[in-house]
Amino acid sequence: MDQQKVLVALEDVSTYFTVSGGMLRGKRTVKAVDGVSLEIREGETLGLVGESGCGKSTLGRTIVRLNEPTAGRILFEGKDVTELKGEALAQFRRETQMIFQDPYASLDPRMTIGEIIREPMVIHGLYGTEKQREEKVVELLQTVGLKPDHIRRYPHEFSGGQRQRISIARTLALQPKFIICDEPISALDVSIQAQIINILKRIQRETGIAYLFIAHDLSMVKHISHRIAVMYLGHIVEVGESDTIYRTPMHPYTKALLSAIPIPDPIRGKNRHRIPLGGEIPSPIDPPAGCPFCTRCPDAEERCFTQRPQLSQRGDRAVACFALEE
Amino acid sequence: MTEQQIPVDRIPDELFQKLDDSEKNNEFLAMESKTYVQDAWNHFKKNKLALISLLFLAVMVVLAIIVPMVSPYTYDGQDLSLRNAMPGLDHLLGTDKFGRDILVRLMYGARISLSVGFAAAVINLCIGVVYGGICGYFGGKLDMVLMRIADIIYSIPSMLYVIMVMLIFGSNIFSVLLAISVSGWIGMARQVRTQVMSLKEREYAQAARVMGASHKRILFQHLIVNSMGPIIVNTTLMVPEAIFTEAFLAFVGVGISIPQSSWGTMANEARSLIQTYPIQMLWPVLAISLTMLSLNFIGDGLNEALDPRKH
């Protein structure tokens, strides 16, 4: 894994939003993503996990420039994405795609499936003639397990799982190198979730696409990710190989998160130790001055409240926690 | 009991049964696919009032085209020996105070009133959709400036525009159209702006952005197409509004010039005879009110047919 080339590199990326806090308070800043550095390598899946509101979707949207980063650099194949314009931007749009969370909202209800999948080809002028595009659409439909005669139907005639397949086919029309999957399975039934995961894995085997797989559900992420990054309140708190993180989580937040995975077996489930987390995730409008997790951490020390731990290499992974530094 | 103690993921393979092939095809779509237009038409047909209105309007349009062509009379041909005739076989709706055939004048007026109505609606549609679409899509300062300009135009009474336009361009059908359109598009622009603002946050619009679609493509191929329902309804309701405005302008004497007729000028001319020959007032008023009523019913019918929430 380590020899693989880095495809996407985030360097200290921050995305802040300004919200008006009412007449008397003036403008305030929401630090949705705060100083994130990450690498995604060619052909790998990086799982990005964390609870709702921790900034993982914003991070994904920042990479594809749906949100502009406030600070930091995003390098795609060595080029800074935030400065792309014109032809270079079009090239980047072709190579990076996104699959959205809600399959009911991500397909234009007034377009047929054929038109939806053809659209990216039309925008980028791929595959020459109409007939070649039509053939490509049929091929893509088959890749994701749909039938060619679905081509003239409308999105409302499909189930959630089928729609998510259509989304996948649409992103594949551009033959991208990198797809951001923004919770693509969280709106689906468990049985359908596995189907979608398997399609994504098969496509990765066949084409070597890299994924950033955003999810809040750890049990599914494990099946698809090579590496996992755990996010909390806009910060990455732990990154490492998927197996390593699952077997021996080090950061107290990762430990708590993993302990919350239900075990689908009542016998083994009885022996599971849950680490309960008290309180709520702090508001990203005024995050704690020290470690972002200090307000809920069971092992928080005094300096955790005043200083911010940096993500640093601990053997086979990177963790941001003072308690692990000795 | 022993079976229950095997952990779920360690069930040996031989305990699994293969499903037969009939299960393979359990995900198929039984309904015939219907396009948006077909679906809307099916719902529209169920509304009898709207359907009758549509029929009435169609008949009116056909008559407006045919009657002045085949009738032996012209709209300005006077017959002073036959003034103020009651309806009869020669003149189906009678004649006016100059002995002109009322049926021909009414249908000639229908041409003008209907074309003013539809032309004004189309002009307002085009300007309103583009203006409102741009405001809603780009938002921010641009939206702020453009909408304030629209507010200023809207705040000036439309009679002022009408008088100004008539003074400059004279009394003809084009100045009537211009006068109606100066501020008529603003309602449409406001509605489209609101629609586009809410639709642009939908994931399909964002997916189009990630795909690399241009602003023009996202706005016109995705956002406007998806707000088409309310836009069509609004356009239908703009037609009677424009017809009424034209009739009103003609009635107060600033519409198209005589001897051409529109429903408004006919009503104006009949006004002086209302105590002696009230029937002459009846025809244009009936034409105006029935047309407006049917257009409103059509608008209501479309509103229901095009809105999936009301099905």
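Reader: How many residues of chain B are in contact with chain A?

Author: In this predicted model, 29 residues of chain B are in contact with 38 residues of chain A. To count, heavy atoms have to lie within 4.5 Å.

Reader: And what area do chain B and chain A bury between them?

Author: About 2,900 Å², with 51% of it on carbon and sulfur atoms.

Reader: What makes Arg217(B) and Glu119(A) a salt bridge?

Author: Check the distance: their closest N and O atoms are 2.9 Å apart. The cut-off is 4 Å, for a side-chain nitrogen of Lys or Arg and a carboxyl oxygen of Asp or Glu, so the pair qualifies. The count between chain B and chain A is one salt bridge.

Reader: Which helix of chain B gives the most to the side that touches chain A?

Author: That's α7(B), with seven residues. Both α7 (203-211) and α8 (215-226) of chain B supply at least two residues there.

Reader: Okay, now Leu178(B). Why is Leu178(B) called partly exposed?

Author: Its relative accessibility is 40%. Buried means under 20% and exposed means over 50%, so Leu178(B) lands in between. You'll find Leu178(B) in helix α6 (residues 173-199) of chain B.

Methods: Residues are numbered from 1 along each chain as its sequence is written. Chains are lettered from A and ligands numbered from 1 in the order in which they are written. This is a predicted model: local features need pLDDT of at least 70, side-chain atom pairs count only at pLDDT 80 or more; totals for chains, interfaces and linings use all residues. Side-chain values use heavy atoms; hydrogens and water are left out. Helices (H or I, at least four residues) and strands (E, at least two) are DSSP runs, numbered from the N terminus. Buried means under 20% relative accessible area, exposed over 50%, partly exposed in between (1.4 Å probe, protein chains only). Buried area is the accessible area (1.4 Å probe) that two parts lose on being put together, summed over both.
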